[in-house]
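Please keep the sequence and model at hand while reading.

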Amino acid sequence: MTDVRQTDRASSIEPTVSPESSVLAKLFRSEQGGHEQVVLCQDRASGLKAVIALHSTALGPALGGTRFHAYASDEEAVEDALNLARGMSYKNALAGLDHGGGKAVIIGDPDTLKSEELLLAYGRFVASLGGRYVTACDVGTYVADMDVVARENRWTTGRSPENGGAGDSSVLTAFGVFQGMRAAAKVQWGEPTLRGRRVGIAGVGKVGHHLVEHLVDDGAEVVITDVRADAVERIVARHPGRVTAVSDAEVLVRTPLDVYAPCALGGALDDATVGALTATVVCGAANNQLAHPGVEKDLADRGILYAPDYVVNAGGVIQVADELHGFDFDRAKAKATKIYDTTLAIFDRAKADGVPPAVAADRLAEQRIAERTPSAEWLRPEGSA
């Protein structure tokens, strides 16, 4: 593996990490590990430093997006890739896709580091995996970026329609979250609608702003916040009287709500947030919302119904997976509509087993993955028995 340690002054932070808490310990000795492959990538000419993590290929080629983010340390970047890849295995399994889980992170500020040369170099690393990993957009990467990455390999989704792709996957991500929210409303209030409910959305970027539209159309009152004031102002102006704003997420969780929807980065549900929540349903688009093990029980103990993030936000991966077969929006949307039924099934399983929904979702995902092994047909050379 190539050494990806940052060498410039701005990113030279290398925290002291004990062997017990290192990412290698997590990878090889922790229950949260078990990843099949982790690739460290570096191209000095373009400044590329990236991590590609493949958690599982039991169900098929690992599928997951590429995150471009200015991590505080290389250790944090690897940790994020491992967590996100594992989440993708579970997400793809419960979405009914014949794909395992993988994720990539590019280390650095996309506003200053991203270039055509860097994206092409990254595309070559994806190509070097020979189809074991299929990439797509994520935080910090966009359709135009995937068009560039795809010039170096055929295992890139999330491309523009002009380049044979499906375009913006956030459209069906938001639609899927809305379906999960409808399922939670059915369980919590008896009807699969958000009409008359107050929904707070933390993060109105790629996915959040589409979710606002679904909720307004359904008759909900929406309260939003985002670190970008211009995004908030634009949405409030579009829906006067239907959408209001608060200053930040800490204020939002304390605002009287029926539903809280974290739609930014992960770790949104920590001890302080759960203790302050007024909402009785949590259902949002962000990945890895639970800050640490045990949060799911704290939510249940407070009577808060949690719709597992990787279940409800699977619409985007359903969309990009369909792209591999010649994209058909109606076909992909029909599959994303089933997120409603999957979410209800998880709530039913949780009630039957006496466990939080997050635990029930994990059990269902693990059951599907366990039914297949990495000796699946897609891994065998052509012509082999």
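## Pairing of strand 5

Strand 3 (residues 62-63) and strand 5 run parallel and are joined by 2 bridges; two strands count as paired if DSSP finds at least two bridges between them. Within this pairing, Ala62 has Gly100 of strand 5 as its bridge partner. Strands (E, at least two residues) and helices (H or I, at least four) are DSSP runs, numbered from the N terminus. The model is predicted, and local features need pLDDT of at least 70, side-chain atom pairs count only at pLDDT 80 or more, and totals for chains, interfaces and linings use all residues. Residues are numbered from 1 along each chain as its sequence is written, and side-chain values use heavy atoms, with hydrogens and water left out.

Strand 4 (residues 66-69) also runs parallel to strand 5, with 4 bridges between them, and Arg67 stands opposite Val105. From strand 4 the chain passes through helix 2 (residues 74-94) to strand 5 in a right-handed β-α-β crossover (with the strands pointing away from the viewer, the path from the first strand over the helix to the second runs clockwise). Strand 2 (residues 48-56) pairs with strand 5 in the antiparallel sense over 6 bridges; here Ser56 is opposite Gly101.

## Burial of strand 5

Strand 5 (residues 100-107) is largely enclosed by the rest of the structure, because 8 of its 8 residues are buried (under 20% relative accessible area, with exposed over 50% and partly exposed in between; 1.4 Å probe, protein chains only). In a regular strand the side chains alternate between the two faces of the sheet.

## The cavity

The whole structure has 1 cavity of 30 Å³ or more (a set of points on a 1 Å grid over the protein atoms alone where a 1.4 Å probe fits but cannot get out; lining residues have an atom within 4 Å of a point). The largest cavity holds about 30 Å³ of space, a volume being the space filled by probe spheres set on the grid points, which are joined across faces, edges and corners.

Its lining includes Lys91, Leu94, Tyr310 and Ile339. Helix 2, helix 12 (309-312) and helix 15 (339-353) each supply at least two lining residues.

## Asn288

Asn288 is not a glycine, yet has a positive phi of about 50 degrees. Asn288 sits in the loop between strand 11 (281-282) and helix 11 (295-301) and, at 27% relative accessibility, counts as partly exposed.

Definitions and conventions
1 Å grid on protein atoms, 1.4 Å probe; cavity = no way out; pocket = protein on both sides within 12 Å on 5 of 7 lines; lining within 4 Å.
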